[in-house]
Amino acid sequence: MNENVDIVFVLQGLNDSVTNRQIYFAFALMSYLVTILVNLTLILTVCLDKALHQPMYIFMCNLCFTGLCGASNFYLKLLLDLLAGAHLITYTGCLTQVFFTHFYIFCQLTSLTVMAYDRYLAICQPLRYWALMTGQKVALLLLLTWCLSLLETAIGTVLIVRLSFCSHRMARIFCTNWEVVKLSCSDTTANNFYGIVIIILHTLQIIIILVSYMHLIRSAARSRTDRRKFVQTCSPHLASLLVFSFSVLFDTLYSRYGGSSMAALQNALSAEFLVVPPIINPIIYGMNLHHIRIRIRLWFTTEKPQRAFSK
């Protein structure tokens with residue numbers, strides 16, 4: 001809507017940070033820099049080492065890259081707001097933040113589903129793994145992950161664009177789809193219905209992951225080799241899934257049912273899905289995957305690759 005272009009939203013979630021603005025800024029900047037460091041370290045480690053050009057590591061890089069995009073979308077605006085006296089965001093800026101935030105969420109969940117499928121093939125069907133998980137299949141899965149996430153995000157954004165607003169004050173530190181919809185005085189039935197469809201779709205993805213893990217656990221129980229492979233490659237994936245799922249669940253419940261008490265704490269916790277997974281995922285994978293650990297260590301030592309891999 002043309003009349004919406006001139007709208008400026010007020011982000012009231014940062015009102016309590018005025019007195020300690022410098023401390024919050026320093027903490028947010030340090031957290032963002034660490035997020036960039038750990039994600040780029042893992043991504044570059046995989047990209048620069050041909051031995052790591054395998055499906056599991058490629059999917060892991062995609063997870064870290066989208067996590068870095070989601071974190072950047074959040075931190076850059078937050079850091080600017082902490083430096084500014086007024087915490088404002090334009091209509092276009094808000095839609096942009098909504099788009100990239102939800103693209104990050106959808107892409108992370110779909111990536112975790114693809115990674116669960118990859119681990120299922122590697123452990124439950126090891127003899128057929130390389131025949132089933134070809135380079136073309138990997139590219140197709142990555143393309144589907146991005147296209148599906150972009151489609152889901154685009155539909156949700158289009159449903160917001162048609163709305164008119166009777167309030168411009170948002171009790172959050174960043175824009176989300178549901179927070180913007182709550183400010184509308186238009187009919188939001190289509191938005192609510194689409195939100196239910198999205199919840200059902202991604203709940204099904206989580207169910208698929210859990211079913212695949214039932215098969216993985218059953219297969220891993222048969223031999224010591226499968227158990228070792230399960231612990232090394234599946235435990236990081238499971239940890240990533242749990243951290244991300246609980247973070248998104250908390251934000252969803254807070255957006256819809258959160259009260260006004262302890263607003264500062266609730267706002268900080270509601271941003272957990274944009275802060276914790278992007279910084280935790282590369283650390284989890286870096287610590288648990290043997291070849292990643294070795295290659296990262298080689299970056300910071302003068303140890304010869306042959307000697308490192310012989311240990």
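This briefing describes the cysteines, aromatic rings and salt bridges of the structure shown above. The structure is a predicted model. The model contains one disulfide, 12 aromatic pairs and five salt bridges.

**The disulfide**

- The disulfide joins Cys-94 and Cys-175, whose sulfur atoms are 2.2 Å apart.
- The torsion about the S-S bond of Cys-94 and Cys-175 is about -120 degrees, and the disulfide is therefore left-handed.
- Because Cys-94 belongs to helix α3 (residues 91-124) and Cys-175 to the loop between β3 (169-170) and α6 (177-182), the pair ties together parts that are 81 residues apart in sequence.
- Both Cys-94 and Cys-175 are buried.

- A disulfide requires the two sulfur atoms to be within 2.5 Å.
- Cys-61 has a relative accessible area of 10% and is therefore buried.
- For Cys-234, the closest cysteine sulfur belongs to Cys-124; the distance of 8.6 Å is likewise too far for a bond.
- Cys-234 is also buried, with a relative accessibility of 0%.

**Aromatic rings**

- A search of the whole structure gives 12 aromatic pairs. One of the pairs is formed by Tyr-129 and Trp-130, with 5.0 Å between the ring centres and 80 degrees between the planes, an edge-to-face arrangement.
- The two residues of this pair fall into separate accessibility classes: Tyr-129 counts as buried at 7% relative accessibility, whereas Trp-130 counts as exposed at 52%.
- One aromatic cluster is made up of Tyr-32, Phe-74, Tyr-75, Tyr-104, Phe-174, Phe-244 and Phe-273.
- Phe-174, a member of that cluster, has Arg-172 lying over the face of its ring, at 4.9 Å from the ring centre.

**The salt-bridge network of Arg-172, Glu-179 and Lys-182**

- Salt bridges link Arg-172, Glu-179 and Lys-182 in a network.
- Glu-179 takes part in a salt bridge with Arg-172, in which the closest N and O atoms are 3.2 Å apart.
- Glu-179 also meets the side chain of Lys-182 in a salt bridge, at 3.3 Å from N to O.
- Lys-182 and Glu-179 are both located in helix α6, three residues apart, which is about one turn of the helix.
- Arg-172 is buried, with a relative accessible area of 1%, and Glu-179 is buried as well, with a value of 6%.
- Lys-182, by contrast, is partly exposed, with a relative accessible area of 43%.

**A salt bridge between buried residues**

- Asp-118 and Arg-119 form another of the salt bridges, with their closest N and O atoms 2.9 Å apart.
- Asp-118 counts as buried at 1% relative accessibility.
- Arg-119 counts as buried too, at 8% relative accessibility.

Definitions and conventions. Residues numbered from 1 in each chain as written. Predicted model: local features only at pLDDT ≥ 70, side-chain atom pairs only at ≥ 80, totals over all residues. Heavy atoms only, no water. Helix = DSSP H or I, 4+ residues; strand = E, 2+ residues; numbered from the N terminus. Buried < 20%, exposed > 50% of the residue type's maximum accessible area, 1.4 Å probe, protein only. Phe/Tyr/Trp six-rings, centres within 6.5 Å; stacked < 30°, edge-to-face > 60°. Lys NZ or Arg CZ within 6 Å of the ring centre and 35° of its normal. Salt bridge = Lys/Arg side-chain N within 4 Å of Asp/Glu carboxyl O.
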